Amino acid sequence: MSVREINPKETTRASAFELWMKAPNPMVTFFKTFDVTPLINKSKTTGMKFNMLLDYCIGKAASTIKEFYILPVGDKLMKYDKIAVNTIVKNRENEVSSCDIAYTDDLEQFNTDYLQNTKQVHDACSNHDLSEQYMVIGTSAIVETEIDGAVGMYSGIFNNPFMIWGRYRIDGDKALLPVSFQFHHTQMDGAHAGKFLRNLEEEISRF
């Protein structure tokens with residue numbers, strides 16, 4: 001079973017569930033700037049897409065943090081066995097569609113899945129959705145411009161963690177990318193989010 005309801009009182013998120021589930025806006029947003037030069041170099045030497053490499057690093061950074069495997073859905077707390085990373089695709093009608101890519105530690109397999117799934121979404125102009133079986137980390141790349149940060153809209157329907165970035169900017173010999181990370185306070189605390197961002201920085205640097 002890849003997803004199941006759990007009793008919040010039997011988890012480390014019990015007090016957070018009581019505090020934040022009915023809060024008017026339980027979302028928190030962090031901002032951090034990453035040096036993505038290693039990803040650019042990897043993209044140039046392998047032909048792999050920059051966005052795919054960043055999505056892979058996001059999945060890997062989250063995969064070792066247990067809070068990423070739970071999520072408030074409606075008024076319930078759900079536990080997942082697997083995570084996925086979502087990317088927004090400009091389809092053949094020049095509109096946007098949503099595409100989930102299951103995270104795997106195997107970069108070659110993740111790349112293959114990314115290319116296949118995004119092509120399918122582009123051609124069919126329909127979403128590829130894994131949200132019922134995976135805890136999905138949302139992402140949105142605003143490639144038309146540089147941005148300093150963004151705060152996502154809280155709808156009360158989608159509580160998933162979400163990352164937004166624009167174009168990277170060149171600063172000397174570095175390529176800097178400001179990223180915003182939004183998360184539901186029931187799912188994690190600031191310390192967990194900080195650990196994730198630190199993990200992400202380390203994963204990027206490994207390339």
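K119 sits in helix 4; helices (H or I, at least four residues) and strands (E, at least two) are DSSP runs, numbered from the N terminus. This is a predicted model, in which local features need pLDDT of at least 70, side-chain atom pairs count only at pLDDT 80 or more, and totals for chains, interfaces and linings use all residues. Residues are numbered from 1 along each chain as its sequence is written, and side-chain values use heavy atoms, with hydrogens and water left out.

- K119 is exposed, because its relative accessible area is 52%; buried means under 20%, exposed over 50%, and partly exposed in between (1.4 Å probe, protein chains only).
- K119 and V73 are separated by 46 residues in sequence. Their C-alpha atoms lie 29 Å apart in space.

**Largest pocket**

- Rolling a probe the size of a water molecule over the atoms shows where empty space is left.
- The largest pocket has a volume of about 680 Å³.
- Its lining counts 26 residues, and I157, F158, N159, N160 and F162 are the closest to the centre.
- A pocket is an open set of points on a 1 Å grid over the protein atoms alone, where a 1.4 Å probe fits, with protein on both sides within 12 Å along at least five of seven lines. Lining residues have an atom within 4 Å of a point.
- Grid points are joined across faces, edges and corners, and a volume is the space filled by probe spheres set on the points.
- Four strands each supply at least two lining residues: strand 3 (70–73), strand 6 (96–102), strand 7 (135–141) and strand 8 (162–165).
- The lining of the largest pocket splits into 12 nonpolar, 11 polar and three charged residues. Ala, Val, Leu, Ile, Met, Phe, Trp, Tyr, Cys and Pro count as nonpolar, Asp, Glu, Lys and Arg as charged, and the others, Gly among them, as polar.

**Second largest pocket**

- The second largest pocket has a volume of about 510 Å³.
- It is lined by 16 residues, with N51, I88, V89, K90 and V143 nearest its centre.
- Helix 3 (50–63), strand 5 (83–90), helix 4 (107–124) and strand 7 each give at least two residues to this lining.
- Strand 5 makes the largest contribution, with four residues.
- By class, the lining of the second largest pocket holds nine nonpolar, four polar and three charged residues.

- T87 belongs to strand 5.
- T87 is buried, because its relative accessible area is 3%.
- The side chains of T87 and N51 make a polar contact of 3.1 Å. A polar contact is a pair of N or O atoms within 3.5 Å; within protein, one must be able to donate a hydrogen and the other to accept it, and residues adjacent in sequence count only if both atoms are side-chain atoms.

**Aromatic rings**

- The whole structure contains 10 aromatic pairs. Rings of Phe, Tyr and Trp (its six-membered ring) pair if their centres lie within 6.5 Å; planes under 30 degrees apart count as stacked, over 60 as edge-to-face and the rest as tilted.
- F50 and Y168 form a tilted pair, because their ring centres are 5.6 Å apart and their planes stand at 55°.
- This pair links distant parts of the chain: F50 is in helix 3, and Y168 is in the loop between strand 8 and strand 9 (169–171), 118 residues apart.
- F50 is buried at 17% relative accessible area, whereas Y168 is partly exposed at 33%.
- Y56 and F207 pair edge-to-face, at 6.4 Å centre to centre and 65° between the planes.
- This pair also links distant parts of the chain: Y56 lies in helix 3 and F207 in the segment after helix 5 (190–206), 151 residues apart.
- Y56 is buried at 6% relative accessible area, and F207 is partly exposed at 30%.
- F30, F68, F181, F183 and F196 make up one aromatic cluster.
- K32 lies over the face of F34, 5.7 Å from the ring centre. A charge sits over a ring if NZ of Lys or CZ of Arg is within 6 Å of the ring centre and within 35 degrees of the ring normal.

**Positive phi**

- Most residues other than glycine have a negative phi.
- N94 is not a glycine, yet has a positive phi of about 65°. N94 is in the loop between strand 5 and strand 6 and is exposed at 59% relative accessibility.
- C125, also a residue other than glycine, has a positive phi near 55°. C125 is in the loop between helix 4 and strand 7 and is partly exposed, with a relative accessible area of 22%.
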